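I opened this entry to keep track of what I looked up. My notes follow in the order I took them.

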Amino acid sequence: IDAAFAEVDALLDRFSVVTSPRHRKFKRLDLVWHFQGSPQAFAAAHAHCRHPMIHRPAIDYGNGGLEWRGSTRITMYDKVLKQTKRPGNVIRLEVELRGKKLAQLLNSGIPVTSLDFRVCYGAYRRIVQMFRPIASPQCRDTLDLIAFTAQRYSIDLWPHWKTVYKNRQSANRARRRLLGLKLSYYKIDWATLLPNSRPRVRIDVAKGKVTKTLLLTICPPTGNKRSGMM
């Protein structure tokens, strides 16, 4: 990754009016990673989460996509859906850093003039791990959903449920299932998904096809006159 950064830096030398990389200053940096899983489950777990760096609540686009807007912008969405218009199993999580916040998180408040993968990954990991996603129940059918609601609000369903069954044998089977239900919960653990040493899973999506590859999107630094995204 650092070799790729060096290649980008050499490419910039061909076009930039800034003769020394030390005189370049990054104005914006997009840190991006892909995760395999259910975009809907990720969205449900984060829809009501507040991020400490952003005061506003999430914008829910209703298709597994969420966005937190502030001086730092965070976006989560279904990458396969965006490319193919069909639901997929890859979540793209983008963190956009600008100006003082970029300098603060990557270089102790000093303007960023170069990029190091470990520093970028460390900043991305710290920001994402500030989320506290909510564990969501895994409901197989309507009975699971009803049982989950009853458990959550301490409602005894059986006095109402047993009136549905005229056959005692069927009623007993339903009663045993109701009492034996143990719902499992889907818990997103960012510490596991983004370990301290290095990412465990590297995923890319090209034309709807999922491949294992590392993805880090970078906006180039700007000199006195040039700016914009690559």
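How many helices and strands are there in the protein? I counted 9 helices and 9 strands, taken as DSSP runs numbered from the N terminus (helices H or I, at least four residues; strands E, at least two).

Ground rules first. This is a predicted model, where local features need pLDDT of at least 70 and side-chain atom pairs count only at pLDDT 80 or more, while totals for chains, interfaces and linings use all residues. Residues are numbered from 1 along each chain as its sequence is written, and side-chain values use heavy atoms, with hydrogens and water left out.

**Entry: burial and core**

I checked burial next. Of the 230 residues, 39% count as buried (under 20% relative accessible area, 1.4 Å probe, protein chains only; exposed is over 50%, partly exposed in between).

I listed the contacts of L106 (heavy atoms within 4.5 Å). Leaving aside neighbours within four places in sequence, L106 touches L29, L97, V112, L115, V119, C120 and A123.

**Entry: a buried lysine**

K79 is found in helix α3 (residues 79-84). What is the nearest side chain of opposite charge to K79? It is E94, 6.2 Å away. K79 is buried yet has no salt bridge (a side-chain nitrogen of Lys or Arg within 4 Å of a carboxyl oxygen of Asp or Glu). For charge, Lys and Arg count as positive and Asp and Glu as negative; His and the chain ends are not counted. Beyond neighbours within four places in sequence, K79 contacts H34, V90, R92 and V205.

**Entry: aromatic rings**

I looked for ring pairs of Phe, Tyr and Trp (its six-membered ring), with centres within 6.5 Å; planes under 30 degrees apart are stacked, over 60 edge-to-face, the rest tilted. The count comes to 5 aromatic pairs. W33 and Y121 form a tilted pair, 6.3 Å centre to centre with 55° between the planes. W33 is in strand β1 and Y121 in helix α5, 88 residues apart.

Why is the pair of F117 and Y121 stacked? Their planes are at 15° and their centres 6.1 Å apart, so the pair is stacked. Ring pairs link W33, F117 and Y121 into a cluster.
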